[in-house]
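Please look through the structure shown here.

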Amino acid sequence: MTNGTSIQNIAVIGAGLMGHGIALDFAISGYNVYLHSRTEDSLNRGADMLQRSIQRLIGIGVLKEGQSGDILKNIKMSLGLEESVEGVDLVVESVYENVELKRDIFQKLGRATPNETILASNTSGIMPSEFALDSERPDKVLVTHYANPPFLIPTVELVRTKYTSDETILTVSDFFEKLGKRPIIAQKEVPGFILNRLQLALFREALWLVENGVATPQDVDFGIKSSIGRRWAVAGVFEIFELAGLDLASEIGRLI
């Protein structure tokens with residue numbers, strides 16, 4: 001594989017809240033997707049969530065009523081892991097956050113998929129190096145971390161390990177750009193990656209303000225939604241402080 005056009009067939013492991021949404025995102029773009037879960041009940045729940053998510057997209061005008069059937073035809077539900085990943089170009093694992101479970105899955109994926117298949121995880125916090133070696137192809141393992149709902153949020157975090165090849169990163173990045181996504185790349189793995197570290201840093205400060213009687217939770221939330229949150233929708237933190245002046249930001253920082 002040398003570019004995103006090499007990815008045509010995809011498997012998503014885990015049919016829960018994130019897994020069904022990731023599969024739906026691929027299917028909307030016309031890709032063939034196997035959606036795997038371990039039990040009939042969880043697979044049925046995934047099918048129900050697919051229907052509800054499609055209706056949600058129709059309701060907000062992203063999809064048209066007549067598109068539902070064609071999109072669902074692109075998704076094949078499967079209880080068999082080996083059947084789901086046979087011959088695919090990309091696997092996205094999206095099961096619950098347990099290191100041993102992910103290690104077991106990536107070991108099985110390494111045996112069941114072609115050597116050139118890229119193996120990704122949607123983990124939001126577990127270091128990919130914890131399971132990359134279990135695949136026996138760590139150069140083709142990375143994190144593709146979506147925000148919820150996957151079919152609406154454009155950003156996908158790509159997190160590499162020290163083993164992940166540049167070719168793998170470029171292939172997956174090109175592929176997501178074809179989908180209309182905006183990949184951001186964590187060049188090294190750190191706890192929480194990029195987005196959760198930023199989100200939790202703000203949450204820690206919000207908790208401090210409330211615990212110390214500076215503001216109520218309601219005023220903190222309203223302040224974010226009605227002020228800086230609106231700015232962040234159009235300009236990032238570096239862009240904002242560069243516009244205000246980094247010297248000013250430095251002076252304010254010394255006072256806090």
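In β7, the residue bridged to T144 is L158. This bridge belongs to the pairing of β6 (residues 141-146) with β7 (residues 155-159), which is antiparallel and has four bridges. Strands count as paired if DSSP finds at least two bridges between them. Strands (E, at least two residues) and helices (H or I, at least four) are DSSP runs, numbered from the N terminus. The model is a predicted one, in which local features need pLDDT of at least 70, side-chain atom pairs count only at pLDDT 80 or more, and totals for chains, interfaces and linings use all residues. Residues are numbered from 1 along each chain as its sequence is written, and side-chain values use heavy atoms, with hydrogens and water left out.

Helix α7 (residues 166-178) packs on the sheet and touches β1, β4, β5 (118-121), β6, β7 and β8. Contact means heavy atoms within 4.5 Å. The direction of α7 makes about 30° with that of β6; axes are lines fitted to C-alpha atoms, for helices over the stretch in contact, and angles run from 0 to 180 degrees between N-to-C directions.

The sheet as a whole is open and has eight strands with mixed pairing, in the order β3-β2-β1-β4-β5-β6-β7-β8. Its edges are β3 (75-78) and β8 (182-186); each has a single partner strand, so one side of each has no neighbour in the sheet. From one strand to the next, the twist averages 25°. Helix α1 (residues 17-28) lies across β1 (9-13), β2 (32-36), β3, β4 (90-93) and β6, and runs at about 170° to β2.

What lies in the interior? In soluble globular proteins, nonpolar side chains tend to be buried together. Here the largest nonpolar core has 35 residues, and F26, L90, F175 and F176 have the most contacts inside it. Such a core is a set of buried Ala, Val, Leu, Ile, Met, Phe, Trp, Tyr and Cys residues joined through side-chain atoms within 4.5 Å, where buried means under 20% relative accessible area (1.4 Å probe, protein chains only). With six residues, α1 gives the most to this core. Beyond its neighbours within four places in sequence, F176 is in contact with F26, T144, Y146, V156, L158, K181 and P183. A second, separate core has 15 residues, among them V91, L109, L119 and I126.

In total, the chain has 11 helices and eight strands. Buried residues make up 41% of its 256 residues.

Conventions. Buried means under 20% relative accessible area, exposed over 50%, partly exposed in between (1.4 Å probe, protein chains only).
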